[in-house]
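Please walk through this protein model from its chain order to its sheet, its helices and a few single residues.

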Amino acid sequence: DAEPSQRRSVHDLLAGAGGQVLLLSEEDVDNPSRRPCEALVVVALSRPPCPAEELERLRRLRAGRCEVLAYGPGWDTCSLGLRCQGFLAGAARVLDSGSPAFGRDLLAWRDSARRAREGARDEEERLCGDMAGLGLVGRSGAMVALFRWIERGSGVSDLPALVTGET
């Protein structure tokens, strides 16, 4: 955030609510090993329409498996087309930092994103347990996704099946 007081306010709000807050440099955006895996990332945007490099930063973070919330002044009052720029670039939410509900909305997004991540982890652990119980080998993301697809598509039964593929 180019506005130090706003950056401090967001930092204090998240830290005060029990979050670990790290400030990322531009190098951290491009290097996933320099930031927490599957992080929840809050990114400041300029007043709409924002520069292309800001949207590109959102894309890179999203491609790096981060859940991204973007915020900036004036986003609630801009046109739908401009608001969609943030979403199309990869932001899960775009908040107006000038809104009276900004702090509440920021914490609500953080809590919702945390619950969704915890739910996904719980589901993956359950799927891996089910796979092991059925004698399936492999725990890669592709294998878990395939088992999830099979489980959703049909009831898992005692009927033998062989799924083959190439790596």
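From the N terminus on, the elements follow the order α-α-β-α-β-α-β-α-α. That comes to six helices and three strands, where helices (H or I, at least four residues) and strands (E, at least two) are DSSP runs numbered from the N terminus. The model is a predicted one, in which local features need pLDDT of at least 70 and side-chain atom pairs count only at pLDDT 80 or more, while totals for chains, interfaces and linings use all residues. Residues are numbered from 1 along each chain as its sequence is written, and side-chain values use heavy atoms, with hydrogens and water left out.

Of the 167 residues in the chain, 31% are buried; buried means under 20% relative accessible area, exposed means over 50%, and partly exposed lies in between (1.4 Å probe, protein chains only). Among the contacts in the chain with a separation of 6 or more, 60% come from residues 24 or more positions apart. A contact here means heavy atoms within 4.5 Å.

The three strands form an open sheet in the order β1-β2-β3, with parallel pairing. Two strands count as paired if DSSP finds at least two bridges between them. The edges are taken by β1 (40-44) and β3 (91-96), each with a single partner strand, so one side of each is left without a neighbour in the sheet. On average, neighbouring strands of this sheet are turned by 20° against each other, direction ignored. Axes are lines fitted to C-alpha atoms, for helices over the stretch in contact, and angles run from 0 to 180 degrees between N-to-C directions.

Take the two pairings in turn. β1 and β2 pair in the parallel sense over five bridges, and V42 has L69 of β2 as its bridge partner. Between these strands the chain passes through α3, and this β-α-β crossover from β1 to β2 is right-handed. Right-handed means that, with the strands pointing away from the viewer, the path from the first strand over the helix to the second runs clockwise.

β2 and β3 also pair in the parallel sense over five bridges. Here A70 has V94 of β3 as its bridge partner, and V68 has A91 of β3. The chain goes from β2 through α4 to β3, again in a right-handed β-α-β crossover.

Helix α3 (residues 52-63) lies across β1, β2 and β3 and runs at about 160° to β2. The axes of α3 and helix α4 (residues 80-89) come within 8 Å and cross at roughly 35°. On the α3 side the contact is made by L55, L58 and R59, and on the α4 side by Q85, G86 and A89. By class, this contact has three nonpolar, two polar and one charged residues. In this classification Ala, Val, Leu, Ile, Met, Phe, Trp, Tyr, Cys and Pro count as nonpolar, Asp, Glu, Lys and Arg as charged, and the others, Gly among them, as polar.

Each of the two helices also holds a residue worth a look. E54 is found in helix α3 and is buried, with a relative accessible area of 11%. Leaving aside neighbours within four places in sequence, E54 is in contact with L45 and S46. E54 and V43 are 11 residues apart in sequence, and their C-alpha atoms are 8.9 Å apart in space. R83 lies in helix α4 and is buried, with a relative accessible area of 18%. With neighbours within four places in sequence left aside, R83 is in contact with W75, D76, C78 and V94.

Which aromatic residues pair? The structure holds one aromatic pair. The rings of Y71 and F102 have their centres 5.3 Å apart and their planes at 50°, so the pair is tilted. Rings of Phe, Tyr and Trp (its six-membered ring) pair if their centres lie within 6.5 Å; planes under 30 degrees apart count as stacked, over 60 as edge-to-face and the rest as tilted. Y71 lies in strand β2 (residues 67-72) and F102 in helix α5 (residues 102-133), so the pair ties together parts that are 31 residues apart in sequence. Both Y71 and F102 are buried.

L13 is partly exposed, with a relative accessible area of 27%. Leaving aside neighbours within four places in sequence, L13 is in contact with G103, L106 and L107. L13 and G103 are 90 residues apart in sequence, yet 7.2 Å apart in space, C-alpha to C-alpha.
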